[in-house]
Amino acid sequence: MKKRVYNTIHTNKRCTKEIHTTQLNKKIERRLEMELQDFLEEMEAKTVSIKEASKLMGKSEQFIRVGLRNNRLPFGVAVQLSSQWTYYISPKLFYDYIGYENIRKTA
């Protein structure tokens, strides 16, 4: 009888532990899904244009292009594809660089 009661208690503890683990896993899954959704929403504004960057910094478009080409501006990259240059400006890095926290949230 004692062994049967022990097995029942042990089984109940195991079931409770499994239920807790399952609930925890679901919470983790939901959190990861929310973080992924936030990441995807942030990535919708994938780039800042050269024109927008120049206006916000009060510099010429050429200043931004040359700064990116020479690795002088830490918020983007410039890549030369044959004879043409292509630019990428990270919204997060750019807005952090110029110190505009509010623009990033509304962009």
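What covers the buried residues of α3? Let's work towards that from the model itself. This is a predicted model, in which local features need pLDDT of at least 70 and side-chain atom pairs count only at pLDDT 80 or more, while totals for chains, interfaces and linings use all residues. Residues are numbered from 1 along each chain as its sequence is written, and side-chain values use heavy atoms, without hydrogens and water.

Start with α3 (61–69); helices here are DSSP runs of H or I with at least four residues, and strands are E runs of at least two, numbered from the N terminus. Ile 64, Gly 67 and Leu 68 are buried in α3 (under 20% relative accessible area, with a 1.4 Å probe and protein chains only). Seen down the axis of α3, these buried residues fall within an arc of 95 degrees, so they line one face of the helix; the arc is taken from the directions from the helix axis to the C-beta atoms. Their cover includes α2, β1 (76–81) and β2 (84–89), where contact means heavy atoms within 4.5 Å.

Now look at α2 against α3. The two helices pack at an angle of about 110 degrees, with axes 8 Å apart, and are therefore roughly perpendicular to each other (65 to 115 degrees). Axes are lines fitted to C-alpha atoms over the stretch in contact, with angles from 0 to 180 degrees between N-to-C directions. Ile 50, Lys 51, Ala 53, Ser 54 and Met 57 in α2 meet Glu 61, Phe 63, Ile 64, Arg 65 and Leu 68 in α3.

Finally, Phe 94 is in contact with Val 48, Ala 53, Leu 56, Met 57, Phe 75 and Ile 89, leaving aside neighbours within four places in sequence.

Technical notes. Buried means under 20% relative accessible area, exposed over 50%, partly exposed in between (1.4 Å probe, protein chains only). Angles under 35 degrees count as roughly parallel, over 145 as roughly antiparallel, 65 to 115 as roughly perpendicular and the rest as oblique.
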